[in-house]
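Walk through this model from its overall layout down to single residues. Keep the sequence and the 3D view side by side.

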Amino acid sequence: MRSPSALAGGLTLLALAAVALWLTRDLTQGTLDEIGSGLLPRWLAIGVGACGLALLLLSVLRRGAAFEPLPLRGPVVLSIAILAFAVLVRAFSIGGMTLPGLGLVVAGPVAVFVSGLASDEADWLELAILAPGLTAFCMVLFGDLLSLQIPLYPDALLASFPPGWSPKAVLRVVAAVLALVAAAFAAVAWRRRARHGSSLRREVSR
């Protein structure tokens, strides 16, 4: 073993892949024409496992950094983001309390924003752009193009649209609204950078 850090990373990825494959064992895979709910997570787990095997190989062939203790902020915040997504995306019951399923439209931005806080360089405005923008992309990709059976929005939102609207039409409208929100925050970020740049130019000219 020439790289303890690569060994630790490889074992961690293999463990995550094994857990993911076990958790998705009951999901149908389907075909490329009719994609099942287990196709994407299962092959994503296989890809993660392949990366783990590659790291194990590198730990033997290439000298690398020694293993160092990792800061807790990243793993703790990412775990909170995953838990928040799981609780919000579907109806969740604990004890005598039941939380309504809010779908990807709520769980997605919350998970992206919270997970972004795992970095010491997190910027709330950049996360405010990424959260709705990435959620809109995922809604269109998984719900519209791939037609995966995942909760996209709460039933109350669908009921608020006219009766003739199809679920995919509602999906596209909601995704467009999220994209507009991301664009609005992007405009705010652009103005902030423009003001910052002009102030720097004035400081240099002085």
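Helices (H or I, at least four residues) and strands (E, at least two) are DSSP runs, numbered from the N terminus. The model is predicted, so local features need pLDDT of at least 70 and side-chain atom pairs count only at pLDDT 80 or more, while totals for chains, interfaces and linings use all residues. Residues are numbered from 1 along each chain as its sequence is written, and side-chain values use heavy atoms, with hydrogens and water left out.

Start with the layout. The protein chain holds 7 helices and 2 strands. Read from the N terminus, the order is α-α-α-β-β-α-α-α-α. Of its 206 residues, 27% count as buried. Buried means under 20% relative accessible area, exposed over 50%, and partly exposed in between (1.4 Å probe, protein chains only). Contact means heavy atoms within 4.5 Å. Among contacts with a separation of 6 or more, 62% join residues 24 or more positions apart.

Now take helix H2, residues 39-61. H2 has 23 residues and reaches 33 Å from its first C-alpha to its last, close to the 33 Å expected at 1.5 Å a residue. The expected span is 1.5 Å times one less than the number of residues. The buried residues of H2 are Leu-39, Arg-42, Ala-45, Gly-49, Gly-52, Leu-56 and Ser-59. Their cover includes H1. Gln-29 sits in the loop between H1 (4-23) and H2. Gln-29 is partly exposed, at 30% relative accessibility. From Gln-29 to Pro-41 is 12 residues in sequence and 9.4 Å in space, C-alpha to C-alpha.

Two packed helices are described by the angle between their axes and the distance between the axes. Helix H3 (residues 73-89) and helix H4 (residues 104-116) pack at about 175 degrees, with axes 8 Å apart. H3 is therefore roughly antiparallel to H4. Axes are lines fitted to C-alpha atoms, for helices over the stretch in contact, and angles run from 0 to 180 degrees between N-to-C directions. Under 35 degrees counts as roughly parallel, over 145 as roughly antiparallel, 65 to 115 as roughly perpendicular, and the rest as oblique. H3 contributes residues including Val-77, Ile-80, Phe-85 and Leu-88 to the contact, and H4 contributes residues including Val-106, Val-110 and Val-114. The 13 residues of H4 should span 18 Å at 1.5 Å a residue, and its end C-alpha atoms are 17 Å apart, which agrees. Among the buried residues of H4 are Leu-104, Val-105, Gly-108 and Pro-109.

What does Thr-135 touch, leaving aside its neighbours within four places in sequence? Its contacts are Leu-104, Val-105, Gly-108, Pro-109, Leu-130 and Leu-178. Thr-135 lies in helix H5 (residues 124-145). At 2% relative accessibility, Thr-135 counts as buried.

Move on to the loop between H5 and helix H6 (155-159), where Gln-149 is found. Gln-149 is exposed, with a relative accessible area of 69%. The C-alpha atoms of Gln-149 and Gly-36 are 8.2 Å apart, although 113 residues separate them along the chain.

Finish with the aromatic rings. The structure holds 1 aromatic pair. The rings of Phe-161 and Trp-165 have centres 5.2 Å apart and planes at 45 degrees, so the pair is tilted. Rings of Phe, Tyr and Trp (its six-membered ring) pair if their centres lie within 6.5 Å; planes under 30 degrees apart count as stacked, over 60 as edge-to-face and the rest as tilted. Phe-161 is buried at 19% relative accessible area, whereas Trp-165 is partly exposed at 38%.
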